[in-house]
Amino acid sequence: MGTFKCNYCIRIIRKSLLINKTKRLLIPYILVGLLYQIPLKYIVGKGNLKENIIDLITCQSADQLWFILSLFLMFLMIYALNNILNKKPIFVVLLSLLLLGLSYLIEYLQINYLFLTSTFRCFIFFVLGYLFRKYNTNIIRKIKPIIILLMYVCIFIVAMLLQKSNNNVLYYIGYILYYSTFLIFPELFFGALLNIFEKLNTYTSKLSVFLSKHSMNMYLFHQQIIYFFIVFINNSVHPILLVVISFSCSFIISLLISILCKTNKITRFITGDTL
């Protein structure tokens, strides 16, 4: 009886999480894409309406919303593999590596629907991040960032030297080391940075709390604002100045849009703001 109740509760929790992720990720992908991304892309001359709508539906658009859908798909995969991940995580790690390899085949065959290439390549980081946070967060946070950086540089240099070798075995060892740095060190850097931020007490600062409330919306709206500046002032200013202007204006304008969106129930629904 207790097992039945436990399983029932787990199903309820998963269902509520699925509904939450649908509101937070899938709905913004569809509605922000249709109401904001596609019209602005058309205005700045990036494709026509028909092509952009097809790209959105088939999930082949290269704009910022790809990450929203990929994140939604990765959550679905994690939910489906949750029991295995908690009991035998090594199987999920191996599966994520298999999906990483499969992503290159998908790219070669040019069948990247549903952003499968990006999703499969990111899933290994999603899984490793989950496992590091669950098992080794305290250990990682004790490692100083400078030590992590030196380890990364040393392994990277060794990998580069091995890949220049005429020996096939050494070449592939270097190849494996090179890609291993992309799999392992982001989690190490993240853990170290968390430790620094906690010591600086940045999580509770007014600016940090304020920006955290708007970070999702700012991500949803920032890229098309950058398009405007690239299109209209690209040949008028120095490239470095263009980057500074594009980044600054994108930050400010997307923040203002986010503040406006939070004042209305409809816009909050469109952007996935469930609070």
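Tyr-219 is partly exposed, with a relative accessible area of 25%; in the terms used here, buried means under 20% relative accessible area, exposed means over 50%, and partly exposed is in between (1.4 Å probe, protein chains only). The model is a predicted one, in which local features need pLDDT of at least 70 and side-chain atom pairs count only at pLDDT 80 or more, while totals for chains, interfaces and linings use all residues. Residues are numbered from 1 along each chain as its sequence is written, and side-chain values use heavy atoms, with hydrogens and water left out.

The structure holds seven aromatic pairs, where rings of Phe, Tyr and Trp (its six-membered ring) pair if their centres lie within 6.5 Å, and planes under 30 degrees apart count as stacked, over 60 as edge-to-face and the rest as tilted. One of the pairs joins Trp-66 and Phe-67, whose ring centres are 5.6 Å apart with planes at 80°, so it is edge-to-face. Trp-66 is partly exposed at 25% relative accessibility, and Phe-67 is partly exposed at 31%. Phe-67 also pairs with Tyr-219: the centres lie 6.1 Å apart and the planes stand at 70°, so this pair too is edge-to-face. Because Phe-67 lies in helix α3 and Tyr-219 in helix α9, the pair ties together parts that are 152 residues apart in sequence. Trp-66, Phe-67 and Tyr-219 form one aromatic cluster.

Helix α3 covers residues 66-80; helices (H or I, at least four residues) and strands (E, at least two) are DSSP runs, numbered from the N terminus. Its 15 residues reach 21 Å from the first C-alpha to the last, close to the 21 Å expected at 1.5 Å a residue, the expected span being 1.5 Å times one less than the number of residues. Helix α3 is mostly covered, with 11 of its 15 residues buried, among them Ile-68, Leu-69, Phe-72 and Phe-75. Lys-21 lies over the face of Phe-75, 4.2 Å from the ring centre; for such a placement, NZ of Lys or CZ of Arg must be within 6 Å of the ring centre and within 35 degrees of the ring normal. Arg-121 likewise lies over the face of Tyr-104, at 4.1 Å from the ring centre.

Helix α9 (residues 206-233) also holds His-214. His-214 counts as buried at 6% relative accessibility. Leaving aside residues up to four places away in sequence, His-214 touches Leu-255, Ser-258, Ile-259 and Lys-262, with contact meaning heavy atoms within 4.5 Å.
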